[in-house]
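Please keep the sequence and the 3D view at hand as you read.

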Amino acid sequence: MREFNFTNPSTLDEASKILKTSDSSSALLAGGTDLLSLIKHEIIDPENLVNIKNLNGFDKIVYRKGEGLKLGALVRISDIAEHQIIKDKFTVLSDAASVIASPQLRNMGTIGGNLCQRPRCWYYREEFDCIRKGGDICYAYLGKNKYHCIVGGGPCYIVHPSDTAVALTALDAKVTIYSNGDYKSIPIQEFFILPEVNYLKENVLEPGEIVTEIFIPEPKADVKSKYIKFMERNAWDFAVVSVASVMNLSNGKISSGKLAWGGVAPVPWQEEQLNQKMSGLSIDDNSVEEFSKSLFENSEPLEHNEYKLILAKNLTKRIIKEIAAD
Amino acid sequence: MQMIAIEFNLNGILVKAEVNPGVRLIDFLRDEYGLTGTKEGCGIGECGACTIILDGKAVNSCLILACQIDGKEILTIEGLANSGELHRLQENFLKKGAVQCGFCTPGMIISAYSLLLLNPNPAEQEIREAIAGNLCRCTGYKQIISAIEESIVVNIEND
């Protein structure tokens, strides 16, 4: 691997200042599972790694009844997958965490890093001077685009690779960011940005800003939730399409619910009118079928990925029926 | 390049070292300590041949920098045998013919060891999930799973 310096800041503020003043020549290191791959493949070339893994207080899972769940940014994916309260009350999140990559990577990767991981697009990861790396064009648009987005694309057509981001979107989570000596908290839907806003990054973070915590509000009583991830093989794979849902049911109907999808867009995808449409939806084959037809009306599949639209519709039908049957 | 001083526990022995920040843990273990049981397959965390135990958890040593292990405990395949006596996982891999070319074997055994640490009595599905990050290109998974099943004892603390 190439040479770089390694700094162990003792406070968050120190880490933030180093990252801010050195801009792109420094990179933040936590679990490192994505960062070291990016360096190895020469996609990024930092002179300095700023290690925040040893900072105290950012690796806690705290649940307060009536308030919600707080996850420090350094909480490991495996700790989320195995946490009993998360399994019981935020099932969609433990479902998503437990199907990420492999046991080894879940033991090292952090929730903060999972949200901030870079895309898996093969043109981005391999030796193409693509638009996301500062080049002129998106090679996927007219190239091999089986795994690319069907909605929200342009001028770059990645999909966001994070599973937890999709679950957290359905859970209406908030992301806390350390920024210029202060903390700010934003809805996760505002954390991720489309390529049309900025095709060089996937989220709003500016140099020196660090994700410190994820907050999930207390769910409604009797809520049910689930995450379904469709992979080409049954282990260690990114989602082709995934769906997260959180819903309340009464008398064979959905009284309120949220849906979010992975693998279909450059951000975890949610459509507000679909969430509204879920309220009052009957759990019978015809109603669910009809509902699934209204998915992604603005989708524009590329040459090789129209199947994703069908897959997303079928997974959506499945998740609604499976949650209702649980 | 400034060197980083680290101190860690390697297979039960406290070790001090100075490392170049760009050195990966896998290279550090193999080149500095001759612990070549830990293999490099893909180098990007997909094959699991480089699996070691870090503070009780299985991790890919190809995606960790040596300077990140300051203050931590590392167990490699070489640390499993006790006074020259193979660990029962190692014995059962031999007994069940779970070794073909052998390249994935140390990583498989370490992943299995990590599973048994947390879950002394795993079901077959749990074994499959525990080795989901380890590829065997000889595809001898059946024998590997059977060797791990054979190694289940209820009382792992005595190991």
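Which side chain meets Arg120(A) in a salt bridge? The partner is Asp34(A), at 3.6 Å from N to O. A salt bridge here is a side-chain nitrogen of Lys or Arg within 4 Å of a carboxyl oxygen of Asp or Glu. Before going further, please note that this is a predicted model, in which local features need pLDDT of at least 70 and side-chain atom pairs count only at pLDDT 80 or more, while totals for chains, interfaces and linings use all residues. Residues are numbered from 1 along each chain as its sequence is written, chains are lettered from A and ligands numbered from 1 in the order in which they are written, and side-chain values use heavy atoms, with hydrogens and water left out.

**Charged pairs**

Arg120(A) sits in the loop between helices H7 (111–116) and H8 (122–125) of chain A, and Asp34(A) in the loop between strand E2 (26–29) and helix H2 (35–40) of chain A, so their pairing ties together parts that are 86 residues apart in sequence. Helices (H or I, at least four residues) and strands (E, at least two) are DSSP runs, numbered from the N terminus. Asp34(A) is buried at 14% relative accessibility, whereas Arg120(A) is partly exposed at 30%. Buried means under 20% relative accessible area, exposed over 50%, and partly exposed in between (1.4 Å probe, protein chains only).

Over all chains, the structure holds 26 salt bridges. Three of them are set out here.

| Pair | N to O distance |
|---|---|
| Arg120(A) and Asp34(A) | 3.6 Å |
| Lys40(A) and Glu40(B) | 3.6 Å |
| Asp59(A) and Lys60(A) | 3.1 Å |

The pair of Lys40(A) and Glu40(B) crosses between chains, from helix H2 of chain A to the loop between helix H1 (25–33) and strand E3 (51–54) of chain B. Lys40(A) is partly exposed at 33%, and Glu40(B) is partly exposed at 30%. Through shared partners, salt bridges join Lys40(A), Arg24(B), Asp27(B) and Glu40(B) into one network.

**Enclosed space**

There are three cavities of 30 Å³ or more. On a 1 Å grid over the protein atoms alone, a cavity is a set of points where a 1.4 Å probe fits but cannot get out, and lining residues have an atom within 4 Å of a point. The largest cavity has about 70 Å³ of space, and its lining includes Cys121(A), Tyr123(A) and Arg132(A).

Technical notes:
1 Å grid on protein atoms, 1.4 Å probe; cavity = no way out; pocket = protein on both sides within 12 Å on 5 of 7 lines; lining within 4 Å. Points joined across faces, edges and corners; volume = space filled by probe spheres on them.
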